[in-house]
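Here is a short walk through one protein model. Keep the sequence and the 3D view side by side as you read.

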Amino acid sequence: MTTSFPPGFRWGVATSAFQIEGATTADGRGPSIWDTFAGVPGAVAGGDTGEPAADHYHRWRDDLALLRELGVDSYRFSVSWPRVQPDGRRFERRGLGFYRRLAEALREQGIEPFLTLYHWDLPQALEDSGGWRSRDTAHRFAEYASLVHEELGDVVDHWTTLNEPYPCAVAGYGEGRHAPGAREGHGALAAAHHLLLGHGLAVQAMRGQATPQHQFGIVLNQSPVVPVSDSAADAAAAARQDTLLRRQFTDPLFGGRYAPGLAAMFSGVSDFSFRLDGDLETIGAPLDYLGVNYYYRLHVADAPHREPDPAQRTVADIGVDTSRLPDVPRTGMGWPVEPEGLTEALVGLHNRYPGLPPMYVTENGCVYADRSDFADYERITFLNEHIEAARAAAAAGVDLRGYFCWSLLDNFEWAHGYKHRFGLVHVDYATQARTPRASFRWYRDFVAAQRG
């Protein structure tokens, strides 16, 4: 495989707090919306919860040793908001102390911390007050970001505000598949806006107390949308899906505008009164990087709205049929394997938004059935092909600065519970034993080869 990346290109792995930490009541941590949602019968496969996950909160030193063995130079992790502010307001120093110990130890090993402030675990107390539907939550998030940045700014230089606001807003407030489990139109669109507003306010707050080496960014999931045919109806359905999934977020962040057609798409559902003058300027403040999470492309066909009355539609009911998918390889989750979609996502962003900041591939990975010997050759092929797709984007002119594999460890995979395993390292949840898979050794050797 041809692998030519810019000097200083970063190679890393990624995790998130709720998915690996466990210890959901330790050291004063308060409940999050995912703790509450996982307690609802039928909400999460197998009745699984965030306890014990991979017990990273207690076993982080073992996991640091795995990072050191892997040879990566960067590690992307998230801070649990309810661990730092159990009720969304009160400061719990024991919780933040965990992240200081982790960041300091990473630096001692020559591994750059990439810290994400929000990876979906909103304090339940803030949800009880309206959650991301409420403008106040955006201000609470900025206060939380400022607190964490002030406390950890001496050991962390790379600061990501949000991970994937689309699932937070749409799957969480529109479809009910993710926490908090709501099925709303107006509420989901308001949540999407307030997530972006919280991002902008947080960047303002952190820049006000930053040092020159600090960099600020956001992470978005980017699935290029492909119509299943050349028909005008399928093309229109694909455009609707692209507006909902991508342009609802990228246009305000990088285009200085709200996504055209979004208001008309939900006519009768929302008056968009939650948008105030000045919000676009706050949301669109310049960033130092954009993280792109890519797993698959979306293949879309036209379909009737499930709820024909516009006033009754949830945010996800936009008349899209994804049943007619192409005959391509699939992962163990049924996701189509199309590495060229990563090139398309990166190049498409680069071309659509002049002046876009440098990009990182911040998540990319897959699930396949485990063998007894953990010889996950399908995952090796997947990663190999997608790294080549990232290289092709860089060769096409994209300012790409790094690649992070998802994930270091098997983890709690949200509504799927512990059924699906993304880790380079297998976790036995009963014993917490860690066993590197073949893909771990492949990635270790690949990263070492990049350094010559």
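A cavity is a set of points on a 1 Å grid, laid over the protein atoms alone, where a 1.4 Å probe fits but cannot get out. A pocket is an open set with protein on both sides within 12 Å along at least five of seven lines. Lining residues have an atom within 4 Å of a point. Grid points are joined across faces, edges and corners, and a volume is the space filled by probe spheres set on the points.

This is a predicted model, in which local features need pLDDT of at least 70 and side-chain atom pairs count only at pLDDT 80 or more, while totals for chains, interfaces and linings use all residues. Residues are numbered from 1 along each chain as its sequence is written, and side-chain values use heavy atoms, with hydrogens and water left out.

How many cavities of 30 Å³ or more does the structure hold? There are five. The largest cavity contains about 90 Å³ of space. Its lining includes Leu189, Ala192, His193 and Leu196, along with Phe272, Phe274 and Arg275. Helices here are DSSP runs of H or I with at least four residues, strands are runs of E with at least two, and both are numbered from the N terminus. The top contributor to the largest cavity is α9, with four residues. By class, the lining has nine nonpolar residues, two polar and one charged. Ala, Val, Leu, Ile, Met, Phe, Trp, Tyr, Cys and Pro count as nonpolar; Asp, Glu, Lys and Arg count as charged; the others, Gly among them, count as polar.

Move to the second largest cavity. About 60 Å³ of space lies there. Among the residues that line it are Ile33, Trp34, Trp120, Trp132 and His178. Both α2 (33–38) and α8 supply at least two residues. Which element gives the most? It is α8, with three residues. This lining divides into 10 nonpolar residues, one polar and no charged.

Besides lining the second largest cavity, Trp120 has a positive phi of about 85° although it is not a glycine. Trp120 lies in the loop between β3 (112–118) and α6 (124–128). Is Trp120 buried or exposed? Buried means under 20% relative accessible area, exposed over 50%, and partly exposed in between, using a 1.4 Å probe and protein chains only. Trp120 has 7% relative accessibility, so it counts as buried.

Now turn to the open spaces. The largest pocket has a volume of about 1,200 Å³. It is lined by 48 residues. Nearest its centre lie Tyr166, Arg177, Tyr296, Leu298 and Trp335. At least two lining residues come from each of α8 (165–175), α10 and β8 (298–302). The element that gives the most is again α8, here with six residues. The lining comprises 24 nonpolar, 15 polar and nine charged residues.

β8 leads on to a sheet. Three strands form an open sheet in the order β6-β8-β9, with mixed pairing. The edge strands are β6 (225–227) and β9 (320–321), each pairing on one side only. Two strands pair if DSSP finds at least two bridges between them. β6 and β8 run parallel and are joined by three bridges. Val226 stands opposite His299 in β8.

α13 (residues 340–352) has 13 residues and reaches 18 Å from its first C-alpha to its last. That is close to the expected 18 Å, which is 1.5 Å times one less than the number of residues. Buried residues of α13 include Gly341, Leu342, Ala345, Leu346 and Leu349. The buried residues of α13 pack against α10 (232–255), β7 (289–293), β10 (359–363), α14 (377–395) and β11 (400–406); contact means heavy atoms within 4.5 Å.

Finish with the backbone in the loops. The peptide bond from Glu51 to Pro52 is cis, with omega near 5°. Pro52 lies in the loop between α2 and α3 (56–70). Asp55 lies in the loop between α2 and α3 too. Asp55 is not a glycine, yet it has a positive phi of about 50°. At 13% relative accessibility, Asp55 counts as buried. Another cis peptide bond joins Trp406 and Ser407, with omega about 10°. Ser407 is in the loop between β11 and β12 (425–428).
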